[in-house]
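Dear colleague,

Please find the structure below, together with its sequence. My notes on what was found in it follow directly after.

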Amino acid sequence: MGLMSFDEWRRSGRTLSYRGHDIFYQDIGAGPVLLMLHGYPTASWDWIHLVGPLSQRYRIVAPDFIGFGFSAKPADYDYSIVDQADLVDSILERLGVGEVLIVAHDYGDTVAQELIARHDERASAGGAGVVLRGVCMLNGGLFPETHYPLMLPKLLAGPFGRVAAAMVNRRTFATNLRTVFGNDTQLTEEEIDEFYELVTCNGGKRVVHKLIRYMKERRNKRERWVGALQNTRVPLKLINGSADPVSGEHMVEHYRITVPQDDITEMAEIGHWPQVEDPEGVLEALQPFLDRHFPAVPGASSA
């Protein structure tokens with residue numbers, strides 16, 4: 001498939017109901033299911049450059065979390081990582097998916113960590129459920145101690161978060177985005193417009209400060225979520241933009257000494273959004289991991 005436009009992506013998406021709210025998701029291609037989980041504060045559109053090539057061999061399921069993108073953004077809602085994991089479980093159950101490989105970024109990494117913890121709990125108890133064949137993570141706050149948020153997220157997470165959210169406009173949004181991209185891989189003005197639309201549509205400015213509470217949730221659940229990475233037998237892959245000031249090279253250094261698995265690709269000069277800044281590089285790093293652990297060719301064996 002060719003690269004869809006922003007409007008085509010929105011029009012071609014599907015919806016399902018979760019706790020009485022419409023959730024937007026894409027379901028593209030056929031084959032083994034790649035579950036693609038986006039980051040804060042954007043949406044599944046982040047994966048647009050990977051969807052075309054990957055959907056030639058895989059079925060891509062890519063939801064917008066509740067409160068994000070084209071999904072509902074209820075003002076009176078208790079947003080949490082745990083609830084987003086419940087949402088993912090609900091989607092996979094309704095779609096009849098029995099096994100997946102997760103590709104996640106940023107906020108989606110933390111949802112993936114919760115899903116790994118649940119998967120391993122089920123496995124140890126001999127329970128049934130979706131089998132995780134692997135998890136590939138892109139830049140994210142895997143460890144609260146190495147997550148260095150920018151000033152705007154700090155303000156949004158603070159006691160005056162509602163006020164800070166009301167003051168966010170395209171200019172301040174663009175300024176913050178540019179600081180986490182590589183010097184030579186900056187967003188175009190059109191891409192900034194698209195990102196801003198994802199954040200603000202459906203009344204998004206009313207909830208953006210509520211979504212950021214995940215930073216506190218990460219601290220409170222550090223033992224569970226870092227422990228999931230340390231103790232799991234699910235294959236892990238890390239693809240990381242080294243120039244990211246939020247979770248770049250410094251986070252990878254901590255990952256190497258904290259997580260036993262060491263399948264890591266570092267992308268020099270790339271910032272916080274590798275799948276947007278260098279999608280070809282991400283695909284090159286991801287494909288061997290897929291071939292080993294979730295081959296799409298019938299009869300192929302995983303190593």
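In which loop is His272 found? The model is predicted, and in it His272 belongs to the loop between E8 and H13. With a relative accessible area of 4%, His272 is buried, since the cut-off for that class is under 20%. Leaving out residues up to four places away in sequence, His272 touches His105, Asp106, Asn139, Val180, Asp244, Val246, Ser247 and Glu277.

The loop between E8 and helix H13 (274-277) also holds Glu269. Phi of Glu269 is near 70°, a positive value in a residue other than glycine. Glu269 counts as exposed because its relative accessibility is 56%, where the class requires over 50%.

A further positive phi, near 50°, occurs at Arg19, again a residue other than glycine. Arg19 sits in the loop between E1 and E2. Its relative accessibility of 55% means that Arg19 counts as exposed.

Turning to the sheet, the eight strands form an open arrangement with mixed pairing, in the order E1-E2-E4-E3-E5-E6-E7-E8. Strand E1 (14-18) and strand E8 (264-267) each have a single partner strand and stand at the edges, so one side of each lacks a neighbour in the sheet. On average, and with direction ignored, neighbouring strands of this sheet are turned by 20° against each other. Within the sheet, strand E2 (residues 21-29) pairs with strand E4 (residues 59-63) over five bridges, in the antiparallel sense.

A cis peptide bond, with omega near 0°, leads from Tyr40 to Pro41. Pro41 is located in the loop that runs between strand E3 (33-37) and helix H2 (48-54).

Finally, the nonpolar core. The largest one comprises 108 residues, and the members that touch the most others in it are Ile102 and Tyr255. Which residues is Ile102 in contact with, leaving aside its neighbours within four places in sequence? They are Leu35, Leu37, Ala112, Leu115, Leu132, Gly134, Val135 and Cys136. Among these contacts, Leu35 and Leu37 fall within the residue range of strand E3 (33-37).

With kind regards

Definitions and conventions. Residues are numbered from 1 along each chain as its sequence is written. This is a predicted model: local features need pLDDT of at least 70, side-chain atom pairs count only at pLDDT 80 or more; totals for chains, interfaces and linings use all residues. Side-chain values use heavy atoms; hydrogens and water are left out. Two strands pair if DSSP finds at least two bridges between them. Helices (H or I, at least four residues) and strands (E, at least two) are DSSP runs, numbered from the N terminus. Axes are lines fitted to C-alpha atoms, for helices over the stretch in contact, and angles run from 0 to 180 degrees between N-to-C directions. A nonpolar core is a set of buried Ala, Val, Leu, Ile, Met, Phe, Trp, Tyr and Cys residues joined through side-chain atoms within 4.5 Å. Buried means under 20% relative accessible area, exposed over 50%, partly exposed in between (1.4 Å probe, protein chains only). Contact means heavy atoms within 4.5 Å.
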